[in-house]
Each structure stands twice: as C-alpha cells, then as structure tokens.
Amino acid sequence: MQDFGWGFRVPREAFGGAAPRGSRFENYYKCHSPGFIQRPELEQGGKIILPPSALDSLTRLHIEYPMLFEISNPNLGRRTHCGVLEFIAQEGFCHIPYWMMQHLLIEEGQMVLIKSTALPLGKYVKLQPHTTAFIDISNPRAVLENALRKFATLTKDEVIMINYNNKNYYLTVLETKPADAISIIETDLVLDFAPPLDYKEPPRTTTPAQPIPSKSVDETTSQTPSPGGSSVGKPGSFKAFPGSGMRLKDSTPPSHSATAFSVTPPAGGLTFGRSQPPSRAKKEESDSESEEEEEEDNKKKFVAFSGAGYSLKK
C-alpha cells in the first residue's frame, strides 16, 4: 500500500505494481454451467473456467502453480475445492461443472465466492459409489484412476461425478489424508472403496442340522455286554454265544442237549443242526486212538543211529 498523506492508502497494484507475496486471490462471480458456452466436455472433471482478469490478478499476486481454489456458496456455507482449466469466461462470470453446482446447492446465475488456496498432496482417499452399477464395471479401479486425472482436488464429504460409456456415476468422498482437502496433481494416491449405498448382502442359506436320535440310559445299559459275556439289563435280553464247545475226543455228550437233535430226518429230506449219530462218533474216536497207538509203536521201533560204525585203519 502507498501512503500519500491524505488519510487513506491506495493498493500498489492499482498503479501497475506487484502485490506482495503471500496475498490471496478472492472474488465473487456469477456461476453458470459449461453448457452456456457449448463446452459439455467440461462436466467430466473438477476444474472451472475463469475470466482473463482473474489470470491477471493471480499473476500479480505471484500465486504458485498449480493454481487451486476454494469455491463456496456464501448463503449456505457449503464449499469445495477445484482447479482452473482456462481463463476464457466473460468478465464477472465463471463456469463450473453442474455436479459441483449441485453439491454447492446453487442455481444458474447465482453468486459464488472463489478464493485461491494451497492444499497438501494427497496420500489416501476412500470413495463410496452410489450404485452397484459402478462395481459391475469390468475394472472400476482403472476407470476411476483414469477419470481422476481430470480432477485437481478432492474434498471430504463432497459428491463427484465421472462419466464412463456415456453413463454418469456418482461417488462420495468419505475420507482423505493427510487433510480434509487434498491436491491429487502429480502424487501417489492410495485408492480405497466402500460398499455402494444400495448394496445389500445376499441372504445366507443355511441347511438345518438333522437331529440325532437320543437313547435313554436304560436302553444303552441293556445293550452293553458285561465282562462275563452276559448282557446287563432286563430278563430275556440278548445273550451272546450261549452254546457250549465240543471236541471229537469228548466221551460224554455236552450238557446242553438243546443243541443236539435226535429227530430222525424224513425220507428224501435234509435236516440242519443235528448232531452226529453215536455209532459214527464212537467209530471216529476209536480210529483216532488206533492211529495214536501206531505212532507210539513206530517211535519205539525206530532207533536213531543204530547202525555199526567202520574205520579205514582196521
């Protein structure tokens, strides 16, 4: 400021001088969408168009590149951040994407406040698509990375719009690091996704478990055999191996006569389970005894090495 001693000061830039470093650009403009200047392609991205006078002021203020701005609705206090694409707008007007106007809740021709600002380089951002149609794209991450090249900044809680295959997709910025507003120009940005707003988890189909029939204690104990071979339980329960053994040399028949049947089989028929006739059993017994006696006699008659020995010197 230049003081002429008249009680007031005049800005130095009014006389063509440069403004001091660190000054901030700030101005009000009437807002219109890019359709007013037949530039619908500007809807895809996060950059605005300012008049040539804004470039002149920014140059005198020595604003560092990239030029970043804070744009706000002074009536509602809503704000976001953006970059600048060109300085070709009519004086007193600016053109911003329509999705940005929707976020700021402003209409065509309404006044907006634009300020120059500096933002840190972003390191992390988390986005939430509004519909599952976005994640149905073959490679949504690659599509988003390509679309974010047309953006200069990202602000927490704002809703951005990208276009892919002539279809618009809206995403909410849930989180940004290291600040609530970041610059994404020439930086390594970690991109993360949250489930879409209309996403619903598929219902889980569970097969009901088949109930296992339970047995009472009485049934279990009645079917458990005791160490002695008889089952413990009610009278008349199952008994394993109740019969008796029998050898060929036994001279007396088994005590349990229930296992031997003395019924004479009918002519031309077969009867199972009968014991052998007594005459046949006695015959087999006598044959086995005679065989044993013959073996003992043979052993007595046979003498090992019973022959005479001879010597060559005799």
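**Exercise 1. The buried face of helix H3**

Task: In this predicted model, identify which residues of H3 are buried and which strands they pack against.

Solution. Step 1: The residues of H3 that count as buried are Pro140, Val143, Leu144 and Ala147. Step 2: Around the helix axis they span an arc of only 95°, and they therefore lie on the same side of H3. Step 3: The spacing can be set against a general rule. An α-helix has 3.6 residues a turn, so residues three or four places apart point the same way. Step 4: The packing partners of these buried residues are S9, S11, S12 and S14.

**Exercise 2. Strand pairing around S12**

Task: Determine in which sense, parallel or antiparallel, S9 and S12 pair, and in which sense S11 and S12 pair.

Solution. Step 1: S9 pairs with strand S12 (residues 167-177) in the antiparallel sense, over six bridges. Within this pairing, leucine 127 has valine 173 in S12 as its bridge partner. Step 2: Strand S11 (residues 159-164) also pairs with S12 in the antiparallel sense, over six bridges. Here asparagine 163 stands opposite asparagine 168 in S12. Step 3: The hairpin of S11 and S12 has two residues between the strands, and asparagine 165 adopts a positive phi near 55° there. Asparagine 166, in the loop between S11 and S12, has a positive phi near 60°. Step 4: The relative accessible area of asparagine 166 is 77%, so this residue is exposed.

**Exercise 3. Aromatic pairs**

Task: State how many aromatic pairs the whole structure contains, and classify the pair of tryptophan 99 and phenylalanine 151.

Solution. Step 1: Four aromatic pairs are found in the whole structure. Step 2: In one of them, tryptophan 99 and phenylalanine 151 lie 5.8 Å apart, centre to centre, with 40° between the planes; the pair is tilted. Step 3: This pair links distant parts of the chain, 52 residues apart: tryptophan 99 belongs to helix H2 (residues 98-104), and phenylalanine 151 to the loop between helix H3 (140-147) and strand S10 (153-155). Step 4: Tryptophan 99 counts as buried because its relative accessibility is 4%; phenylalanine 151, at 4%, also counts as buried.

Task: Classify the pair of phenylalanine 134 and phenylalanine 193, and decide whether phenylalanine 193 is buried or partly exposed.

Solution. Step 1: The ring centres of phenylalanine 134 and phenylalanine 193 are 6.1 Å apart and the planes stand at 45°, so this pair is tilted. Step 2: Phenylalanine 134 is in the loop between strand S9 (124-129) and H3, and phenylalanine 193 is in strand S14 (residues 190-193), 59 residues apart. Step 3: Phenylalanine 134 is buried at 1% relative accessibility. Buried requires under 20%; at 24%, phenylalanine 193 is therefore partly exposed. Step 4: Together with Tyr169, Phe134 and Phe193 form one aromatic cluster.

**Exercise 4. Lysine 177 and the cis peptide bonds**

Task: Identify the ring over which the charged end of lysine 177 sits, and the residue that a cis peptide bond joins to lysine 177.

Solution. Step 1: The charged end of lysine 177 sits over the ring of tyrosine 124, at 5.1 Å from its centre. Step 2: Lysine 177 is joined to proline 178 by a cis peptide bond with omega about 15°. Proline 178 lies in the loop between S12 and strand S13 (181-183). Step 3: The peptide bond from tyrosine 65 to proline 66 is cis as well, with omega near 0°; proline 66 is located in the loop between helix H1 (52-60) and strand S5 (68-72).

Note on methods: Residues numbered from 1 in each chain as written. Predicted model: local features only at pLDDT ≥ 70, side-chain atom pairs only at ≥ 80, totals over all residues. Heavy atoms only, no water. Phe/Tyr/Trp six-rings, centres within 6.5 Å; stacked < 30°, edge-to-face > 60°. Helix = DSSP H or I, 4+ residues; strand = E, 2+ residues; numbered from the N terminus. Buried < 20%, exposed > 50% of the residue type's maximum accessible area, 1.4 Å probe, protein only. Lys NZ or Arg CZ within 6 Å of the ring centre and 35° of its normal. Pairing = 2+ DSSP bridges. Arc of directions from axis to C-beta. Contact = heavy atoms within 4.5 Å.
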